Amino acid sequence: MRCAPRLHALLSRALAFGGLPPPPLPRAQLQGITEPGAASRLGAAFLARALATTGLPAPRRPRALQVQRITEPGAASRFGAAFLARGGFSTDASAAAQDSAKPAAATGGEGGDGKSGKSEQGDAGKSVRGGPVSWLSFLLLLVTGGGIIVYYDKEKKRHIEELKNRTSAVKQEPSVGTAAIGGPFNLLNHDGKPVTQKDFFGKWTLLYFGFTHCPDICPDELQKMALAIDKIKEKAKMEVVPVFITVDPERDTVEQVRDYVNEFHPNLIGLTGTTDEIRKVARAYRVYYMKTEEEGSDYLVDHSIVMYLMNPKMEFVKFYGKNYDADSLADGIIKELKGHQ
């Protein structure tokens with residue numbers, strides 16, 4: 001009973017401040033104010049009168065279900081929040097008003113069985129963790145990886161530049177002299193006449209070391225030599241003397257060498273000699289040879305596969321390996337001939 005007069009006085013003062021007469025309060029209604037939910041009903045009447053004064057439409061009459069909700073604890077707070085929202089006030093105020101009703105509901109739940117309140121507190125106490133890799137760590141990983149790649153690329157370029165600078169800093173000294181290839185010899189040609197290196201002075205000479213019993217390499221190389229000699233004469237109008245020197249003096253006699261060289265080119269000169277003379281000339285021209293697979297008189301000779309270009313003074317100019325074909329051999333020799341004119 002003591003709350004009703006105070007509530008009536010409070011409402012009368014609020015209405016008087018707005019220029020409205022205080023609401024009548026019959027004695028019979030004083031008893032109704034003390035009933036559960038009376039404060040909510042009285043607040044609803046006050047809000048309706050206030051809205052009518054300001055020109056706002058009165059709230060709709062709540063339905064039976066809403067009337068029942070108004071009598072629930074915290075109904076006045078929710079009703080006031082709805083009024084503030086309709087009056088155009090900040091939604092933060094209404095949200096604060098709604099949040100003020102939550103402790104009561106939580107207390108009621110805890111008073112019921114005590115489990116729901118504890119579960120809510122437990123859920124609220126749990127920290128929500130992100131995935132194993134956050135966006136910040138992923139961004140840092142990308143930046144770090146990109147920095148490493150850029151640094152490595154820069155260091156690689158710097159190292160390459162240093163190597164280039166060191167290479168360019170080395171002065172190219174002109175070659176001094178020629179290779180120690182060639183020297184004097186005393187042999188027999190395929191006609192049986194003695195021949196020395198002096199017999200080739202004044203002519204460009206192309207030498208090849210082999211043997212007449214060679215199954216495949218020597219015939220191929222001599223055939224290539226013959227074709228190159230003809231191409232040189234055709235293209236450069238210059239003469240080059242082809243020479244074949246055996247590394248198998250035991251079987252390559254004068255007659256054997258003559259028959260052999262005539263099969264490749266009419267200008268091909270064949271040379272043979274004693275074992276010591278062949279050893280000396282092979283050593284002078286840095287030619288390797290050795291017997292292999294000896295079975296009686298049938299054997300092969302392993303030897304260097306190289307052609308030597310000698311100038312008119314019988315001085316070494318250049319050598320050509322097995323990788324040259326007839327065309328490249330001819331072009332290479334023509335280049336050397338023209339360069340020494």
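A salt bridge here is a side-chain nitrogen of Lys or Arg within 4 Å of a carboxyl oxygen of Asp or Glu. Lys 291 lies in strand E6 (residues 289–295) and Glu 250 in the loop between E4 and H11, so this pair ties together parts that are 41 residues apart in sequence. Please keep in mind that this is a predicted model, in which local features need pLDDT of at least 70 and side-chain atom pairs count only at pLDDT 80 or more, while totals for chains, interfaces and linings use all residues. Residues are numbered from 1 along each chain as its sequence is written, and side-chain values use heavy atoms, with hydrogens and water left out.

**The chain as a whole**

- The secondary structure of the protein chain comes to 13 helices and 9 strands. Helices (H or I, at least four residues) and strands (E, at least two) are DSSP runs, numbered from the N terminus.
- Of the 341 residues in the protein chain, 30% are buried. Buried means under 20% relative accessible area, exposed means over 50%, and partly exposed is in between (1.4 Å probe, protein chains only).
- Among contacts between residues at least 6 apart in sequence, 67% join residues at least 24 apart. A contact means heavy atoms within 4.5 Å.
- The accessible surface of the protein chain is about 23,000 Å², and 57% of that belongs to carbon and sulfur atoms. Such areas come from the Shrake-Rupley method with a 1.4 Å probe; for residues, only the protein chains shown count as cover.

**The sheet**

- An open sheet is formed by 7 strands in the order E2-E1-E5-E4-E3-E8-E9, with mixed pairing. Two strands pair if DSSP finds at least two bridges between them.
- Axes are lines fitted to C-alpha atoms, for helices over the stretch in contact, and angles run from 0 to 180 degrees between N-to-C directions.
- E1 and E2 run antiparallel and are joined by 3 bridges, with Leu 187 opposite Val 195 in E2. Their hairpin has 4 residues between the strands, and Gly 192 in this hairpin takes a positive phi near 85 degrees.
- E1 is also joined to E5, antiparallel, by 2 bridges; here Asn 189 stands opposite Leu 271 in E5.
- Strand E3 (residues 204–210) and strand E8 (residues 307–310) run antiparallel, joined by 4 bridges, and Thr 205 stands opposite Met 310 in E8.

**Helices on the sheet**

- Helix H12 (residues 275–284) lies across strand E1 (186–189), E3, strand E4 (240–246) and strand E5 (269–272), and runs at about 110 degrees to E1.
- Helix H13 (residues 326–339) packs on the sheet too, touching E3, E4, E8 and E9, and its direction makes about 165 degrees with that of E9.

**Charged residues**

- The count of salt bridges comes to 9.
- In one of them, Glu 155 pairs with Arg 158, the closest N and O atoms being 2.6 Å apart. Glu 155 and Arg 158 are 3 residues apart in helix H9, so about one helical turn separates them.
- Glu 155 is partly exposed, with a relative accessible area of 26%, and Arg 158 is partly exposed at 42%. Lys 291, from the opening pair, is partly exposed at 34%.
- Arg 251 and Asp 248 meet in a salt bridge (2.6 Å, N to O), and both residues are buried.
- Leaving aside neighbours within four places in sequence, Glu 221 is in contact with Tyr 208, Ile 305, Met 307 and Lys 322.

**Out on the surface**

- Glu 263 sits in the loop between helix H11 (254–261) and E5, and counts as exposed at 60% relative accessibility.
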